[in-house]
Amino acid sequence: MSDTLIKRTQANEPLWRVLENFQRNQDDFSDLKTVCVVSGSVGCGKTTFLLNYFKGKKFFYFSFAAFQSELAEKLLAESVSSKCGVSVSCWADAFKALSNEYKFILLDDVGFIAGNKHFQEAFYANMLTDIHTRPFVVLITQSTDEISGLADTYVETNLDYFSIPEVKKLYPALSKAALLGLCALSGGIPKLLQSYDVQLGFESNLRKWLNPESAFIKLMPILMLKCFRRPENYHHILCAMANGNIRVGQIGKFTGFTLNKCDNYLAGLIDNGFVTKEKVAGKNGMEKSVYRIANSYYLLWHKYIFPNRSAIQLQDEQLMSQVIENISETEIHRFHLRKAFKWMDAIFQDKLKMTFRSLNGITYSPRVVKDGRFQYFFDAIARHKQRVLFIKVFQSPLESCTKTELTRLQHAVSQINEYEDSHVYIFTKRRLSDYAVSQAAKDDVLNLVEVERLKY
């Protein structure tokens with residue numbers, strides 16, 4: 001697995017190609033004052049990837065993490081003096097020595113120091129001074145770091161957490177259920193993926209991850225501390241969201257914070273990639289902002305670990321068993337549905353964009369259709385003029401698209417819209433019946449999808 005972790009990249013432009021262009025003085029590297037920037041979400045493995053990428057080459061690495069400017073200058077000077085065999089004491093001398101001695105230079109956590117005027121001036125004037133002998137400089141940053149003033153041109157490449165297909169490549173023998181469980185728990189974060197033991201079953205791994213010393217328990221506070229000096233209130237905001245509060249008013253009611261405080265905290269969480277902001281249409285047609293946690297690991301940690309830290313520290317068996325049951329039977333299924341709806345959204349935007357041009361996206365929004373004593377549940381209903389889109393997800397593997405079920409569904413659709421002007425998507429977690437398949441082949445309104453076969 002370690003080899004795969006080293007080689008993988010979701011870079012917009014693979015790093016090897018950036019390096020190749022630099023060595024040939026082509027494309028963006030035709031200008032002297034050009035550096036490479038590798039950015040990405042906190043904890044996505046940027047540093048590990050780069051250190052392994054340059055393994056075997058002579059390179060200089062230095063991290064500015066959590067250093068104030070004076071201490072950073074002193075420690076960099078000491079490191080350069082030791083590595084280059086010359087005595088330096090300031091930014092300018094350090095960058096001159098590095099530029100003369102090293103062909104590859106990696107500067108990590110640059111966001112901590114990039115705003116310092118003396119650092120900027122010394123880097124710009126002394127690091128890149130000759131078009132033929134200049135080093136290949138990589139600045140490792142968070143996506144939100146401001147690094148203007150260090151160079152004239154930035155060649156950017158981005159790393160992200162592992163996607164479901166990438167995790168499948170890491171663990172090709174895992175069943176679909178275990179794979180989705182691992183993706184839900186880890187959020188695709190490399191440090192968590194590395195701690196998964198393929199020799200154990202999924203539930204045994206989950207129980208191991210609930211140990212107070214595990215990476216699963218410890219990583220989230222570390223990620224937050226990298227972004228916020230005092231993360232306590234940000235944790236509280238995420239806890240509110242993990243428990244289903246996605247509007248500012250709901251979050252404020254859950255946390256007790258004023259709305260302007262919630263706005264400020266949410267802005268910080270969005271800037272650092274912990275939260276996303278979406279616009280959804282309300283009942284009156286007006287768009288409203290909703291906020292969602294960006295990663296399944298962030299969500300599960302704040303829903304189950306954050307409010308139960310003391311009990312987990314004491315290894316309360318009753319609590320742990322309940323957490324394992326909730327995650328195994330409920331949360332992984334919800335993760336699966338979120339991925340399915342994301343897939344649906346992409347399909348609908350592509351196939352139905354002319355019909356549903358006003359849609360911002362398809363999201364999970366349950367609705368019950370009633371007709372006297374008759375009731376039918378849909379996972380989402382979206383309308384544009386005379387066209388209506390219906391989504392039904394059979395959540396239990398025991399449910400199926402039987403003749404009776406199809407008759408009920410068609411009746412429910414007819415209560416909302418002319419059946420012929422509707423689009424109905426049915427998602428199931430088990431093999432569809434022959435009857436359902438034959439009906440869908442004859443009915444242009446019905447579309448059947450087996451969720452387990454979705455490729456994310």
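A word on the basis. This is a predicted model, where local features need pLDDT of at least 70, side-chain atom pairs count only at pLDDT 80 or more, and totals for chains, interfaces and linings use all residues. Residues are numbered from 1 along each chain as its sequence is written, and side-chain values use heavy atoms, with hydrogens and water left out.

Start with strand E1, residues 34-40. Strands here are DSSP runs (E, at least two residues), helices are runs of H or I, at least four residues, and both are numbered from the N terminus. E1 is mostly covered, with 7 of its 7 residues buried. Buried means under 20% relative accessible area, exposed means over 50%, and partly exposed lies in between, with a 1.4 Å probe and protein chains only.

Look at the two faces. Thr34, Cys36, Val38 and Gly40 point one way, while Val35, Val37 and Ser39 point the other way. Both sets are buried.

Now the partners. Strands pair if DSSP finds at least two bridges between them. E5, residues 153-159, runs parallel to E1, joined by 7 bridges. There, Val38 has Thr157 as its bridge partner. E4, residues 136-142, also runs parallel to E1, with 5 bridges. In E4, Cys36 is partnered by Val138.

On to the loops. Asp109 sits between strand E3 (104-108) and helix H6 (117-126). Its phi is near 50°, positive in a residue other than glycine. Is Asp109 buried or exposed? It counts as buried because its relative accessibility is 18%.

Last, Gln315. This residue lies in the loop between helices H16 (309-313) and H17 (317-351). Gln315 is not a glycine, yet its phi is positive, about 55°. At 27% relative accessibility, Gln315 counts as partly exposed.
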